[in-house]
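This report describes the structure shown below.

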Amino acid sequence: SGSSRGLNSFTVSSRNPRRIPESAEDDGAVVKAVGSKDVSLRQWLDNSERVVEALDCLHIFMQIVEIVSLAHSQGFVVQNVRPSCFVMSAFNRVSFIESLYCTSSSAEEKNATMCSLKHRVFPPHFLLKWPKEALFCLWLLHPEPASRPKIDEMLKSEFLNEPRDDLIEREAFLELKEKIEEQELLMEFLLTLQQRKQEAADNLRRTVAFISSDLQEVAKFQTSISQRQGLNSNNDDGTSSGSRKRIKMSETSNSLEPDLQENAICKSSRLMKNFKKLESAYFLTRRRALKPLAKPLTRNAQMSGDGKGSTADKSSANSLPPINRLSQRKQGGWINSFIDGLSKYLSYRNLKVKADLKQGDLLNSSNLVCSLGFDRDGEFFATAGVNKKIKVFEYESILNENRDIHYPVVEMSSRSKLSSICWNNYIKGQIASSNFEGVVQIWDVTRNQVYMELKEHERRVWSVDFSWSNPTLVASGSDDGSVKLWNINQAILLLHLVDGTSVGTIKTKANVCCVQFPSDSGNTLAFGSADHRVYYYDLRNPSVPLFTLMGHNKTVSYVKFLDSSTLVSSSTDNTLKLWDLSEATSQVVDSPVQSFTGHMNVKNFVGLSVSDGYIATGSETNEVVVYHKAFPMPALSYKFNTTDPISGDEVDDSDQFISSVCWRVQSSTLVAANSMGNVKLLDMV
């Protein structure tokens, strides 16, 4: 009934049975949760294995009387005072609930006893063993309702208020049991804490052990270098030419010593500044080395400036100096990997402006550069963007000529804003572009004209890429949720019949923002999507992706291959992520090898380029940021400043951002552009 719901939260403490619950006014609120050891009074009474103790029964009865009295004092009429409406804790503390849906026993003996009680007939053993209790019950069961005691009379009765030493002892016993339970809880907490700290100590001992092992390995390597140096010195002792050589080497070393010391101090300072992150990278590398690797997907390949493979360094492992080859034999592969990453991370101090590209239309409001690219030999680089122009500049002339304005050697105009360009790495002078109208164009730079247009996309095309292993194959990704594959030779044959016919289409459910071929295969392709994922397809079976890379939480804007099985992705979630497909054990890969943070990218396309393990990206702080694949924090950065057109001074403009970056092949130089169209050639020094 509604009048009894206000008692749902009533509970009486054995220490202070007259305490009024704080939530008594909360109609219908059940504050006391039924614990795993709680039982209903009905279940407790029906338990055939229960030992009947007079003190327990009296203690429980007094709590029920207190609960009913408290209800009456607050104006509630308790209509459902049944055993199933009371819950008892492990220490016999009673709480009232309106309904627990508890089952009761239906034994014949119990039914007969209850029927006899209705007529005030008690079992003989009850009368003999508990005469006072029997007399009290006869009062409660008086045939005349008016003669039955009221709740206040019960509370004041001699039976409930007579001094009982055994009751006091019972209360003390219950308090003792409660303290024991508290001590047991404390014991459980301390044992769990001890176990966890012991596990931490064991892990720490194992960590110290393998660090000691690594120190021994490095010490052996240093010893081998010292022995080899001593051997070379001994071999030179017998000749005058050797003496002259040593004198010259000594003079050279003396002149270089201050620079070497300064460089060592700088490296040490950077190492300590980033110690925590380097420590994390060290342990990550160590764990990966201990993990069994899956079968490699494809062979590895050295990458060039735009994320493509290069044949120039295929034999570099065989042409290493003797000391390097010795280190490879002496040290574990993972140590080589970590040392290589650490060395490259600390090799350069900053990014220095090598040249500033000054264009006549720099003050044009629509001069955003969306894409940059070097040709296969690094002789020329091209810019393209919202000004609807592809401009080709000669690298050496920009580098060597100090002019007020630099003019492109070739300038080609498009009908629409350009989103992406890519040089053909086999056919020199050929560029593919994509634009905002959904058209893919193939340009002949030598003739200064477009000679092919591929029109199948229904919306803006964000990205275009030439295949390295098949230079006639082009891929494009669009806002229409599709990736198109084009064969230039086939398109030439059909040019007079249709406006370019694709040779394959991969449909997705979201916008495609970037496409990229790996360096060693024309049969695979990766692309990033607005659904936060990277997809890797075998083009011989385009019905389902070979791998789906899940880790970003916003749009994937760029994908670049570091080698045939390792790629890096960029997203507007402020991160770059490194993926190793050779370690993939299922089609869904949700654990990137590395996550790079330190730049800002939440809404714009800021560019991405890779070269020899270095990863360059832009930032919405108008900075170029360079990472090395081994470590999650930036290695270098350079902030663009805007030149005031009146004073000529450089000013910080927070509204600008880096819009594109690209490494020059086989070098430490990259070209970068910002949203104002300011283009700079930067060099790692």
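## Overall content

The model is predicted. DSSP assigns 15 helices and 34 strands to the protein chain. The chain has 685 residues, of which 45% count as buried. Its accessible surface comes to about 36,500 Å², and carbon and sulfur atoms hold 53% of that area.

Among contacts in the chain with a separation of 6 or more, 56% are between residues 24 or more positions apart.

Strand β6 (residues 380-385) runs antiparallel to strand β7 (residues 389-394), and five bridges join the two. Phenylalanine 380 has glutamate 394 in β7 as its bridge partner. The two strands form a hairpin with three residues between them, where lysine 388 takes a positive phi near 65°.

Strand β7 is also joined to strand β8 (residues 410-413), here by four bridges and again in the antiparallel sense. In this pairing valine 392 is the bridge partner of valine 410 in β8.

Strand β9 (residues 418-423) is mostly covered, with six of its six residues buried. It pairs with strand β10 (residues 430-435) in the antiparallel sense over five bridges. Leucine 418 stands opposite asparagine 435 in β10.

Six residues lie between β9 and β10 in this hairpin. In the turn, glycine 429 has a positive phi of about 90°.

Over residues 454-489, the chain is 53% strand and 6% helix. The C-alpha atoms at the ends of that stretch are 12 Å apart.

## The β21-β22-β23-β25 sheet

Four strands in the order β21-β22-β23-β25 make up an open sheet with antiparallel pairing. At its edges are β21 (556-561) and β25 (594-596), each of which pairs on one side only. Neighbouring strands are turned by 20° against each other on average, direction ignored.

Within the sheet, strand β22 (residues 566-571) and strand β23 (residues 576-580) pair over five bridges. Leucine 567 stands opposite tryptophan 579 in β23.

## The β4-β34-β33-β32 sheet

A further open sheet has four strands in the order β4-β34-β33-β32, with antiparallel pairing. The edge strands are β4 (351-357) and β32 (658-663), and each pairs on one side only. From one strand to the next, the twist averages 25°.

Strands β33 (residues 669-674) and β34 (residues 679-684) pair in the antiparallel sense over five bridges. Threonine 669 stands opposite aspartate 683 in β34.

## Nonpolar cores

The largest nonpolar core has 26 residues, and those touching the most other members are Leu351, Val624, Val626, Phe631, Leu670 and Leu682. At least two residues of this core come from each of α11 (275-290), α13 (333-346), β27 (614-618), β28 (623-628), β29 (636-639), β32, β33 and β34. The largest share, four residues, is supplied by α11. Another core, of 19 residues, lies apart from this one and includes Met88, Phe136, Met154 and Leu155.

Leucine 682 is one of the core residues touching the most other members. Not counting residues up to four places away in sequence, the residues that leucine 682 touches include Leu351, Val353, Val624, Tyr638, Phe640, Leu670 and Ala672. Lys352, Lys354, Ser668 and Thr669 are also among the residues touched by leucine 682.

## A buried and an exposed residue

Serine 529 is found in strand β18 (residues 524-529). Serine 529 counts as buried because its relative accessibility is 0%, where the cut-off for buried is under 20%. Leaving aside neighbours within four places in sequence, serine 529 is in contact with Ala510, Asn511, Tyr535, Thr555 and Val556.

Arginine 540 lies in the loop between β19 (533-538) and β20 (547-550). Its relative accessible area is 61%, so arginine 540 is exposed, the cut-off for exposed being over 50%. Asparagine 523 is 17 residues from arginine 540 along the chain, and the C-alpha atoms of the two are separated by 6.5 Å.

How values were computed. Residues are numbered from 1 along each chain as its sequence is written. This is a predicted model: local features need pLDDT of at least 70, side-chain atom pairs count only at pLDDT 80 or more; totals for chains, interfaces and linings use all residues. Side-chain values use heavy atoms; hydrogens and water are left out. Two strands pair if DSSP finds at least two bridges between them. Axes are lines fitted to C-alpha atoms, for helices over the stretch in contact, and angles run from 0 to 180 degrees between N-to-C directions. Buried means under 20% relative accessible area, exposed over 50%, partly exposed in between (1.4 Å probe, protein chains only). Contact means heavy atoms within 4.5 Å. A nonpolar core is a set of buried Ala, Val, Leu, Ile, Met, Phe, Trp, Tyr and Cys residues joined through side-chain atoms within 4.5 Å. Accessible areas come from the Shrake-Rupley method with a 1.4 Å probe; for residues, only the protein chains shown count as cover.
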